[in-house]
Each structure stands twice: as structure tokens, then as C-alpha cells.
2 protein chains.
Amino acid sequence: MDTDKSGEVTKITIQEPKTDTKGKGTSGASAPVIVATKAAQHPRKGWKKGVAIFDLVLRLSAIAAGFAATSLMGTTDQTLPFFTQFFQFHAEFNDVPTFLFFMIANAIASGYLVLSLPFSIVCIVRPHAAGPRLLLIILDSVVMGLTISAASATAAIVYLAHNGNSSTNWNPFCQQFNDFCQQVSSAVVASFITSTLLLSLVVLSAFALRKMK
Amino acid sequence: MDTDKSGEVTKITIQEPKTDTKGKGTSGASAPVIVATKAAQHPRKGWKKGVAIFDLVLRLSAIAAGFAATSLMGTTDQTLPFFTQFFQFHAEFNDVPTFLFFMIANAIASGYLVLSLPFSIVCIVRPHAAGPRLLLIILDSVVMGLTISAASATAAIVYLAHNGNSSTNWNPFCQQFNDFCQQVSSAVVASFITSTLLLSLVVLSAFALRKMK
């Protein structure tokens, strides 16, 4: 008799046969009676359900942060109030290829997070199912890589836009395009929050997988 | 009698007591004898050991790539063969703060990977121990985030160094400092390889944790 596969520890107690049959031939009465009490069958179900609900909450926060990052970057656009005869000073997010990559990466991450919600709900309904959790941990780490990549690349460019670099003769433009830089910086912060939430999701899923025995 | 904690399925067979004591008072002889045959005790031990060895191999490759990235970036240095009376054209990795961050992040990642080797070896010796594997998956994902972050930020700057950006008036300098750019690009590639290997390690550990039941 094995313990059942879903991970609970089954307590097996073995009752010794009653020994009140003194002096008689007890060939039949000596068969052991096994009672498998499944008293402590679901000791960690509540714990696992809590983890799954926390996973859903983190995921919803990550969706909010991801959409915030995408929309902040997508609407970044500033035209300076002065212009010459031939040139108007105008900055848009797709002037810099890195900002375009940032927007696309964050849109993909947000889309993935929305699509992952049903799997997260499956983990709440069936806290012991390892399949959906394994799928989530793998895809979460890939998407975490994508968002961190986008956020860091953009942070490097924003740092340059703020401070410039005298060695390479790249001048800062944030004095002129102040609102533009502010909005891009906010988008970078939102994207780093998404990345941190995704990292927490990976760690949480690892803990949940570890307890799945 | 529970199955043991390390995850094997233990087959318990219960031998009925010999019934050759006919006609005698068998109060003592009727106690059941339990033989726990651990025949199918390690059905997946080979598989798990294979995963642990593959983990070690990936980790060693990641160390090589990490050290390559660190040393490539650390030795990047180019002086142009022409100079004016007051100025010598010289490029070094710490002219750009992002390159300095890249080197520090990759050095940290390589150091961590070396320190993680004993834990990886523990996973080979004890393939069913979930603790070291959980520690590795969490730290691996954090360090993966760090290396991806460094590689992406540097890639954004290298892209700028190659192509420049006319909107922001940042000129490329790779025509002049060609060797410098080549070496930095190689370092970025090495760092992306480290990140990919770390991602594989996270996925592998997730699979190993999932089968740990």
C-alpha cells in the first residue's frame, strides 16, 4: 500500500489482532488488519491555496505595471514651444530604437501576463497540480528576462539623456526635453517594478513546486 | 509506517504469520511481520543524477562565458595612432559608466557561479535533496536578471556607438575606435551567452523540482 500520489502523507496504522483466542487453533484469526487513516490527508492544502492566490495578486499587479510602462512610453511625445523657420523641435519615443524595443517588450510582457491568468486560476482551484505551475515558472522567467532587458537598455539611454558623456561627445538633451525625459524615466521605473514582480512570481512558484510532495 | 521523506515510493508488503502452530496458544506468534522491500526505491535516481550532472556542465560553461565577458570588457582599451599637440585619442571601458556596470555585474555573476559549484555537486551526490536545488533556482534567477540587465544596457550603448542617433545628435564613434567596439561587442555576446545558460539552469532546476515527488 503506497501513499497516494497527490502528495499527502498517509498515516498507516496496523492493528495487531486481538489475542483473546488463547488455547485455540487461530490460523484464520491471525491475519493482520490494516487501517489506513487519511486523517492528515490535506495538511498543506490551505497553505498551497494561499500561495496560489498570492500568485494571482502579484500577477495582477504586474499586469498593471506592465500596461503602465507600455502606455507611458507609447504616449511620450514633446514639442518645444519655439521653432525656427525650417525646424521644429520635437521628440517622440520612436526617435530612439531602444525606446521602441522597450514598448514592444513591455506590450508582449503585459499580453503574456493577461494570458497567464487562467493558469494562475487553475493553480488556485487545483493547488496540487504541478503541470500549470511548471509552465508558469518557465514562461515567467523568460518574460522576466525580456522586461529586465528592455528596462535596463532604456535606463542606459535615459542616463545618457540626463547626463550625457563627454568622452564620446554625446550631449544630454533632458534640459530641453524635460517632460519627455520625465515620462520615459517613469516608464523605466514601471518596467523595473514589473520585472521585480515577475522575479517574485518565479521564486514563489519555486517554493510551491518544492512543497509539492 | 510512512514512506520516507526523500521522495521514493516504498513498497510495503505485509507477510502473514506462518500458520503452522495449529492447536497451540499462539498469542505471541500472531504479531504481524512487516517487511518493507525497497525494491523500486530509486526508479528515477539515474534520471535525476543526469539532470544534476547536466546542471554542473551548464554551470561550468556559464562560468567560462562570464569570465570571458568580464575580462574582455576589463581589457578594452584603444589608443588611436594619431594625436594632436594637446589631445591623444584614447578610449577605455570606464569612459562609459554602463561599461563599468557591465564589468562589475559580470564579475559578480562569475563569482556567484563559482560559489554555487559545491551546491551543484551536492545535487549530484544527493539527487533527491530539494533544499540545495531550491536555493540554486532562486539565486540563479536573481543573477540571471543581473547579467541580462548588464548585457542589455551595454548592447544599447554599443548599438548607439555603431549607428549613432541623428535625432538626439549622438554621433557614432566605432568608425574611429573599431577595435574598441569589436571587443565590447564580443563581451556583450559572452554576457548574453551567460544569461541564456543561467535561464537554462533555472528551467532545468524547475523540472528537477517538479519531479521531486
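In which sense, left-handed or right-handed, does α4(A) pass α4(B)? The crossing is left-handed, a term used when the near helix is turned anticlockwise from the far one by less than a right angle, with clockwise giving right-handed.

Before I continue, a word on the source. This is a predicted model, in which local features need pLDDT of at least 70 and side-chain atom pairs count only at pLDDT 80 or more, while totals for chains, interfaces and linings use all residues. Residues are numbered from 1 along each chain as its sequence is written, chains are lettered from A and ligands numbered from 1 in the order in which they are written, and side-chain values use heavy atoms, leaving out hydrogens and water.

Let us return to the two helices. Each α4 covers residues 178-210 of its chain, and the pair packs at an angle of about 25° with axes 8 Å apart. They are therefore roughly parallel, that is, at an angle under 35 degrees. Contact (heavy atoms within 4.5 Å) involves A:Ala206, A:Leu209 and A:Arg210 on one side and B:Ala206, B:Leu209 and B:Arg210 on the other.

Within chain B, helix α2 (residues 97-125) and α4(B) cross at roughly 35°, their axes coming within 12 Å. This crossing is also left-handed. From α2(B), B:Phe99, B:Phe102, B:Asn106 and B:Leu113 meet residues of α4(B), including B:Phe180 and B:Leu198.

Finally, in chain A, A:Ser71 lies in helix α1 (residues 45-74). A:Ser71 is partly exposed at 40% relative accessible area, where partly exposed lies between buried, under 20%, and exposed, over 50%, using a 1.4 Å probe and protein chains only.

Methods. Axes fitted to C-alpha atoms, helices over the stretch in contact; angles between N-to-C directions. Helix = DSSP H or I, 4+ residues; strand = E, 2+ residues; numbered from the N terminus. Parallel < 35°, antiparallel > 145°, perpendicular 65-115°, else oblique.
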